[in-house]
Amino acid sequence: MKLIAEARKQNRSALDEQAGKALLAEFGVAVPQSAMVAGADEVGQKTKSLKFPVVVKVMSPDILHKSDAGGVKVGLQSAAEVESAIRAMMQQPAIAAARIDGFLVEEMAPPGQEMVIGGLRDPQFGPLVMVGLGGIFVEVLADVSFRICPITRLDAQEMLAELKGAAILKGARGRKAVSQDAIVDALLKVGGENGLLLRHAADIKEADINPLIVSESGAVAVDARFILS
Ligand code: ADP
Ligand code: MG
């Protein structure tokens, strides 16, 4: 696989976000349309084919949590807004001090519920796939479910059903219901029989899609990180 070989050649221990999303796209997981720019000056030229609103994110091997570093700005309505967001980011101390690969400008995913899909490798059982609701559900409540790969469609459905927050997907408390089928499809593409985790079992130590944004009709992976073994 080219993306993984390329990262290894560069002695990287993980795929960068763009490579991670390209890997997901190869397996049929939807990712946003995007353009990489070196700096604010390139924005007008390189974002012509993107649909606004967009997000801009700093890309740096030194920055794992982009938001914490002030390196994510969502809801930008024009090229001019992207340019000023990039200029403001470059003033952030954590970003000014980092090696910068560039800035990723990407289309906004349709609004929805944020989910997390993860992968890790058990020394005994091999690849495991994980799913949870995003934000505090994963980080504070650890409301996640795991299965050994490969999972079937029924496994994926059960994984969602066993989340404590499962009712949220069905539209609890005035929210809109989101497409559980879209989450199940993404889980199968990652953890199913011909899924990413099994096909690249020798190379991938950990996977973290955080978040997958699920709307009423689909799911888009807007952040992805793959740690190589
Ligand atoms: P990090 O996890 O490194 O801080 P993310 O790429 O996950 O950065 O972006 C932070 C947050 O911004 C996401 O959790 C999501 O809420 C929002 N976001 C990022 N990209 C998009 C996008 N393409 N569409 C909509 N929201 C996005
Ligand atoms: Mg993230």
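Buried means under 20% relative accessible area, exposed means over 50%, and partly exposed lies in between, with a 1.4 Å probe and protein chains only. This is a predicted model, in which local features need pLDDT of at least 70 and side-chain atom pairs count only at pLDDT 80 or more, while totals for chains, interfaces and linings use all residues. Residues are numbered from 1 along each chain as its sequence is written, chains are lettered from A and ligands numbered from 1 in the order in which they are written, and side-chain values use heavy atoms, with hydrogens and water left out.

**Exercise 1. Find the partner of Lys21 and say where the two residues lie.**

Step 1. Start with the rule: a salt bridge is a side-chain nitrogen of Lys or Arg within 4 Å of a carboxyl oxygen of Asp or Glu.

Step 2. Lys21 pairs with Glu106 in such a bridge, and their closest N and O atoms are 2.6 Å apart.

Step 3. Lys21 belongs to helix α2 and Glu106 to strand β5 (residues 102-107), so the bridge ties together parts that are 85 residues apart in sequence. Helices (H or I, at least four residues) and strands (E, at least two) are DSSP runs, numbered from the N terminus.

Step 4. Lys21 and Glu106 are both buried. For Glu106 the relative accessible area is 2%.

**Exercise 2. Follow the salt bridges of Lys66 to Glu17 and Asp223.**

Step 1. With Glu17, the closest N and O atoms of the Lys66 bridge are 2.8 Å apart. Lys66 sits in the loop between β3 (54-59) and β4 (72-76), and Glu17 in helix α2 (residues 17-26), 49 residues apart.

Step 2. Both partners, Lys66 and Glu17, are buried.

Step 3. Lys66 also meets Asp223, at 3.1 Å from N to O. Asp223 is in the loop between β10 and β11, so this bridge ties together parts that are 157 residues apart in sequence.

Step 4. Now put the pieces together: salt bridges that share partners join Glu17, Lys21, Lys57, Lys66, Glu106 and Asp223 into one network. By the same rule, the count of salt bridges comes to 17.

**Exercise 3. Work out which residues coordinate the magnesium ion (ligand 2).**

Step 1. Look for donors, which are N, O and S atoms within 2.8 Å of the metal (3.2 Å for Na, K and Ca); water is not among the atoms, so sites may look incomplete.

Step 2. The ion is coordinated by Asn210 (O) and Asp223 (OD), at 2.1 to 2.3 Å.

Step 3. Asn210 is in strand β9 (residues 204-214), and Asp223 is in the loop between β10 (219-221) and β11 (224-228), 13 residues apart.

Step 4. Asn210 is partly exposed, because its relative accessible area is 27%.

**Exercise 4. Which residues are joined by cis peptide bonds, and where does Asn11 lie?**

Step 1. Recall the background: most residues other than glycine have a negative phi, and most peptide bonds are trans.

Step 2. Phe52 and Pro53 are joined by a cis bond, with omega about 0°. Pro53 is in the loop between α3 and β3.

Step 3. Asn210 and Pro211 are also joined by a cis bond, with omega about 10°. Pro211 has its place in strand β9.

Step 4. Asn11 is not a glycine, yet its phi is positive, about 60°. Asn11 lies in the loop between α1 (2-9) and β1 (14-15), and counts as exposed because its relative accessible area is 73%.
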